[in-house]
Amino acid sequence: MSSRPSRTGNSGPAAQQLPGSCPAQRAIALARAGREPAAAVHQAELALADPGCARGPDCVLDALTCLVLAGELATADRVAARLGHHDDPAGELRDRGALIRARTAWWRGDLDTAWELYARLGDRADPALRPVIVAETVELLVSRGQPAAAYAVLVAYGEVPMPPELRSARGLVAMVAGDFRVALAEHLTAGRQFTADGVVNPAISRWRRRAACCARACGDAELAAELARKDHEDALAWGEPKVVGEALAAVAVLAGDGHEIELLGEAAELLEVAEAAIEAGETRYELGCRLLRIGHEAFARVQFTKAAAGFRGVGNRHRAARAEEALRGLDPRPGPALTPIELKVAFLALANYRNQDIAAKQFLAVRTVEFHLSQVYRKLGVRGRDELRFHLLEPEPAPAE
């Protein structure tokens with residue numbers, strides 16, 4: 001998610017030191033560098049309060065983009081909705097406001113509203129914004145399950161210029177088509193362009209984690225793990241829950257080293273904190289599939305149920321239907337009547353965490369953990385962790401010889 005097409009020049013962290021730079025430039029420089037999110041948000045707020053910056057379309061877009069990247073959706077959306085009502089004859093502020101509102105709607109999983117806003121922008125927007133709008137429209141269409149329409153938008157745009165946002169979008173379309181070698185090359189090229197432009201923050205582009213997925217599909221597990229871990233490292237440096245959650249989910253799948261289930265659970269919780277409904281649902285769906293494959297049907301049911309509810313909550317029917325189909329394939333018997341905290345404690349106990357470790361992870365007293373475990377054992381009629389594995393997780397019987 002860029003404010004304007006990436007460019008070389010004063011886009012790195014040194015931009016904040018330029019005597020002539022304004023708060024908006026300093027904000028987007030920090031955001032691109034992926035460091036000091038609190039300072040970046042502070043500069044963005046200064047820009048929106050500054051009469052000079054607040055009248056400049058590009059300054060406003062940079063400041064609001066910074067807020068969105070930091071997860072400050074309510075503020076960004078509120079300011080964006082007011083843009084263009086006065087003293088905006090060319091519609092530059094209006095168009096930038098529509099772009100920000102499209103981004104916040106998409107973040108929350110409201111793909112229909114996001115699509116309406118991108119479609120309204122279309123070719124009418126400032127030509128300087130067109131590459132960004134085309135790239136984001138392509139990605140949104142893929143998220144809506146319309147890869148053919150996404151490809152058509154790319155073809156209509158043409159080949160030149162090809163900024164990294166568009167190259168990454170081309171890589172995504174190739175991924176969806178199953179052409180992973182082409183997609184990997186596109187994402188790596190986009191990454192080199194982003195890096196040359198001083199863009200480090202993975203909240204701006206998913207190129208690295210997508211390249212990791214492509215590398216895995218091409219059989220290069222080592223490169224996939226390396227890319228996923230680097231993406232997670234940079235996400236942690238920025239610290240916004242959505243980007244950290246997405247990066248952590250990629251690490252779980254591509255470099256989990258036996259901790260895939262735990263990492264996916266943590267990623268889903270981060271994404272829910274960030275109000276990223278679709279990403280949270282996709283992560284819970286993946287977690288459910290992995291639990292089901294190892295015979296943990298009761299926990300899989302919980303994940304598929306949460307995924308379906310999340311997708312329905314944002315009106316994403318085709319994803320909800322997929323999660324509901326997974327639920328229909330499960331044993332129709334109801335799962336154990338455990339509370340959410342009991343499920344979490346039981347989950348960690350089954351992952352071989354000691355009571356002290358569970359207490360630390362859940363911010364509970366050890367005695368509280370012991371109480372919840374005793375409740376789990378009582379409800380399920382088991383006497384300890386070994387029986388819990390058999391009674392709660394209901395592993396499938398081994399096939400007869």
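## Helices, pockets and buried residues: exercises

H20 and H21 are roughly perpendicular to each other (65 to 115 degrees; under 35 counts as roughly parallel, over 145 as roughly antiparallel, and the rest as oblique). This is a predicted model, in which local features need pLDDT of at least 70 and side-chain atom pairs count only at pLDDT 80 or more, while totals for chains, interfaces and linings use all residues. Residues are numbered from 1 along each chain as its sequence is written, and side-chain values use heavy atoms, with hydrogens and water left out.

**Exercise 1. Find how many helices and strands the protein has, and what share of its residues is buried.**

Step 1. The protein has 22 helices and zero strands. Helices (H or I, at least four residues) and strands (E, at least two) are DSSP runs, numbered from the N terminus.

Step 2. Of the 401 residues, 52% are buried (under 20% relative accessible area; exposed is over 50%, partly exposed is in between, with a 1.4 Å probe and protein chains only).

Step 3. Now take the contacts (heavy atoms within 4.5 Å) between residues at least 6 apart in sequence: 59% of them join residues at least 24 apart.

**Exercise 2. Work out at what angle H20 and H21 cross, and which residues meet there.**

Step 1. Locate H20 at residues 355-362 and H21 at residues 366-380.

Step 2. Their axes come within 8 Å and cross at roughly 105°. Axes are lines fitted to C-alpha atoms, for helices over the stretch in contact, and angles run from 0 to 180 degrees between N-to-C directions.

Step 3. From H20 come Asn-355, Gln-356, Ile-358 and Ala-359, and they meet Val-366, Val-369, Glu-370 and Leu-373 of H21.

Step 4. Sorted by class, this contact of H20 with H21 has five nonpolar residues, two polar and one charged (Ala, Val, Leu, Ile, Met, Phe, Trp, Tyr, Cys and Pro are nonpolar, Asp, Glu, Lys and Arg are charged, and the others, Gly among them, are polar).

**Exercise 3. Decide how H4 and H6 are oriented: roughly parallel or roughly perpendicular?**

Step 1. H4 covers residues 57-69 and H6 covers residues 92-107; they pack at about 10°, with axes 9 Å apart.

Step 2. That angle makes H4 roughly parallel to H6.

Step 3. Look at the contact itself: H4 contributes residues including Leu-61, Leu-64 and Val-68, while H6 contributes residues including Leu-99, Ile-100 and Trp-107.

Step 4. The contact of H4 with H6 has nine nonpolar, two polar and four charged residues.

**Exercise 4. Describe the largest pocket: its volume, its lining and the helix that gives the largest share of that lining.**

Step 1. The volume is about 1700 Å³. On a 1 Å grid over the protein atoms alone, a pocket is an open set of points where a 1.4 Å probe fits, with protein on both sides within 12 Å along at least five of seven lines, and lining residues have an atom within 4 Å of a point. Grid points are joined across faces, edges and corners, and a volume is the space filled by probe spheres set on the points.

Step 2. The lining has 49 residues, and closest to the centre are Leu-172, Arg-206, Arg-210, Glu-246 and Glu-279.

Step 3. Helix H14 (residues 241-255) gives the largest share, seven residues.

Step 4. By class, the lining of the largest pocket holds 26 nonpolar, seven polar and 16 charged residues.

**Exercise 5. Do likewise for the second largest pocket.**

Step 1. Its volume is about 380 Å³.

Step 2. Among its 18 lining residues, Gly-265, Glu-269, Lys-344, Phe-347 and Gln-362 lie nearest the centre.

Step 3. H15 (260-273), H16 (277-293), H17 (297-313), H19 (340-350) and H20 each supply at least two lining residues. H19 gives the largest share, five.

Step 4. This lining divides into eight nonpolar, three polar and seven charged residues.
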